[in-house]
Amino acid sequence: MLRIPAHFLAIGKPAHDRRPRVGEPPEIAVDIRRKGTLKVVSWNLLRRTGAAVEDVAALVEQHRPDLLLMQEATAPLKALPSLVGGCFYGEPMPGRIHGPAAWSPHDLPQPEILPLPESRMPGRVPPRVAQIVRIGGITLANVHLSHGQILNRRQLIRIARSIEGAAAVVGDYNAVGPVLLPGFRDVGPRQPTHALHNVLTFRLDRCLVRDVLCAEARVLERGRSDHRPIVIELTAAPDRSKRFESRRFPTIEARVARAALARLWNGLNQDITFRL
């Protein structure tokens, strides 16, 4: 059953200080940790003429992701749980017949919807949003960014400032060339994911992560869409503070080091006292 987020009512309101926080049942995180990685598949379906719900169901059956993120998902995709089970969340973006959607075999909490910066030029396209999902200790932003190369970078900055902790921004970036986002690393597959008129190829589908490790990244066969799906296996990195603590001297070693330094100074007849 499609669950319509109340957050769509807020689309168009200022969002510069919004920080979506989505909880998750503890058993989901336990199950992901048991497997070691979170398997994520992302696919731009090409709205009406691309991949149908049956094609998406076949991809789920073959690759068994923990989370499937879709872009340009239309109303027929609501039937996906009737074919493969699990839960589905999706809703068209403002003024469009398609939008971001998420499916998982786990009982996901309802995602948040984050409005993104939009163009102020005449004849601009309708505004875009990011779908924010939390699973396995990682916050994921499902994105289908604008084609404007300055605008889609601004949209990425809005997303990065709006989500906290271990995070991944996954989906169709529509970005040409390097994408640099402070605090994030590009771990997505390096192969082209989109072909323009079957001639020019571009790497439009990407994954940038923060405090997340990537075990594998690859592309799949294109199917009936003009984009190839990407697969990323992720795991949350150890807490930074814990990693720093692990590099410190254990208590006994620190005392020995301080005592040795004191003896050195005493041997030099220095008038210096160390409290050990």
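The model is a predicted one. In this model, β8 pairs in the parallel sense with β7 and in the antiparallel sense with β12. Six of the six residues of β8 are buried, so the strand is largely enclosed by the rest of the structure.

**Strand pairing around β8**

- Strand β7, residues 138-144, and β8 are joined in the parallel sense over six bridges.
- On the antiparallel side, β8 pairs with strand β12, residues 205-210, over six bridges.

**The β-α-β unit**

- A right-handed β-α-β unit is formed by β7, helix α4 and β8.
- Helix α4 of this unit comprises residues 151-162.

- Asn-174 is located in the loop between β8 (167-172) and β9 (185-186).
- The phi angle of Asn-174 is near 50°, a positive value in a residue other than glycine.
- Asn-174 counts as buried because its relative accessibility is 6%, where the cut-off for buried is under 20%.

- Leu-46 belongs to the loop between β1 (38-44) and α2 (53-63).
- Leu-46, a residue other than glycine, has a positive phi near 65°.

Methods: Residues numbered from 1 in each chain as written. Predicted model: local features only at pLDDT ≥ 70, side-chain atom pairs only at ≥ 80, totals over all residues. Heavy atoms only, no water. Helix = DSSP H or I, 4+ residues; strand = E, 2+ residues; numbered from the N terminus. Buried < 20%, exposed > 50% of the residue type's maximum accessible area, 1.4 Å probe, protein only. Pairing = 2+ DSSP bridges. Right-handed = clockwise from strand over helix to strand, strands pointing away.
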